[in-house]
Amino acid sequence: MGYGYGYGYGYYMDWTYILVLIGAVLCMAASAKVNSTYKKYARVRSMSGMTGAEAAQRILNQSGIYDVRVEHIRGSLTDHYDPSSKVLRLSDSVYGSNSVAAIGVAAHECGHAVQHQKSYAPLKIRSALVPVANIGSRLGLPIIILGVIFGGAGSLLAQIGIWVFSAAVLFQIVTLPVEFNASNRAMQMLSQYGILGQQEVGHVRKVLGAAALTYVAAAASSILQLLRLVLLFGDRGGRNRD
């Protein structure tokens, strides 16, 4: 007999679990990097004295965007732009802070608002993938487990589960150009609109660069997880275990 769920091998004895561990290490390292970098530049006050909210409003106005509201949201680094309601939400550590780090994060979210205004293709693709990605992240693994229970590794249901999970992975991959582009727009606008000086923009580049690593790590982790599922429950694996 082979191995896998109910095959006597055991989930935690599987060598492919190393792929999951690698992904977890990458995510933890990226998270630690962004937290330490943000804390470092959160102590550096911007020369303009503008808060994150004020910088965001100025960037939006000078970009010709007048229908996006800037709101406060509770939490730390929970900042995001909601294209469906055209609201830019800034967290506790960004909204009222006049640090270089806070202004950089606010500008990054403004970058997404500009993408939305200009119908940036990768953003439209990512937005369209959100419902499918949510289904993939929630139901992919349960479908695979059911497939293994009722049909064994390599069963049709397990294959469907892998494809469903792939939607969540695709979302992570499409997210990369969206985030990189938003950061590039942010640094250009901060400099072009005179919100930060050249040295300060350099600080922002480090903050947003560290933040970008979290998206890279998340995408890498998802790809490794998908690879593991294919190795364990793909057609070839199922045939080899019969």
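Trainee: Hi! I'm looking at the strands. Which residue does histidine 80 stand opposite in β3?
Mentor: Histidine 80 stands opposite arginine 89 in β3. Keep in mind as we go that this is a predicted model.

Trainee: Got it. How many bridges join β2 to β3, and which way do the two run?
Mentor: Strand β2, residues 80–82, is joined to β3 by three bridges, and the two run antiparallel.

Trainee: And what about β1 and β3, parallel or antiparallel?
Mentor: Those two run parallel, with four bridges joining β1 (residues 69–72) to β3. In that pairing, valine 70 stands opposite leucine 88.

Trainee: Which way do the residues of β3 point?
Mentor: Val87 and Arg89 point one way, while Leu88 and Leu90 point the other way. Every one of these is buried. In general, side chains of a regular strand alternate between the two faces of the sheet.

Trainee: Back to the hairpin of β2 and β3. How many residues sit between the strands?
Mentor: Four residues lie between them. Lysine 86 is in that loop, and its phi is positive, about 55°, although it is not a glycine.

Trainee: Okay, helices now. What should α6 span, going by its residues?
Mentor: Helix α6 covers residues 156–192, which is 37 residues, so at 1.5 Å a residue it should span 54 Å. Its end C-alpha atoms are 55 Å apart, which agrees.

Trainee: Which glycine follows α6?
Mentor: Glycine 194, with a positive phi near 70°.

Trainee: And how do α1 and α7 cross?
Mentor: The axes of α1 (residues 17–41) and α7 (residues 198–233) come within 8 Å and cross at roughly 170°. Angles over 145 degrees count as roughly antiparallel, so that is what α1 and α7 are to each other. Their contact has 20 nonpolar, seven polar and three charged residues.

Conventions
Residues numbered from 1 in each chain as written. Predicted model: local features only at pLDDT ≥ 70, side-chain atom pairs only at ≥ 80, totals over all residues. Heavy atoms only, no water. Buried < 20%, exposed > 50% of the residue type's maximum accessible area, 1.4 Å probe, protein only. Pairing = 2+ DSSP bridges. Expected span 1.5 Å × (residues − 1). Axes fitted to C-alpha atoms, helices over the stretch in contact; angles between N-to-C directions. Parallel < 35°, antiparallel > 145°, perpendicular 65-115°, else oblique. Nonpolar A, V, L, I, M, F, W, Y, C, P; charged D, E, K, R; others polar.
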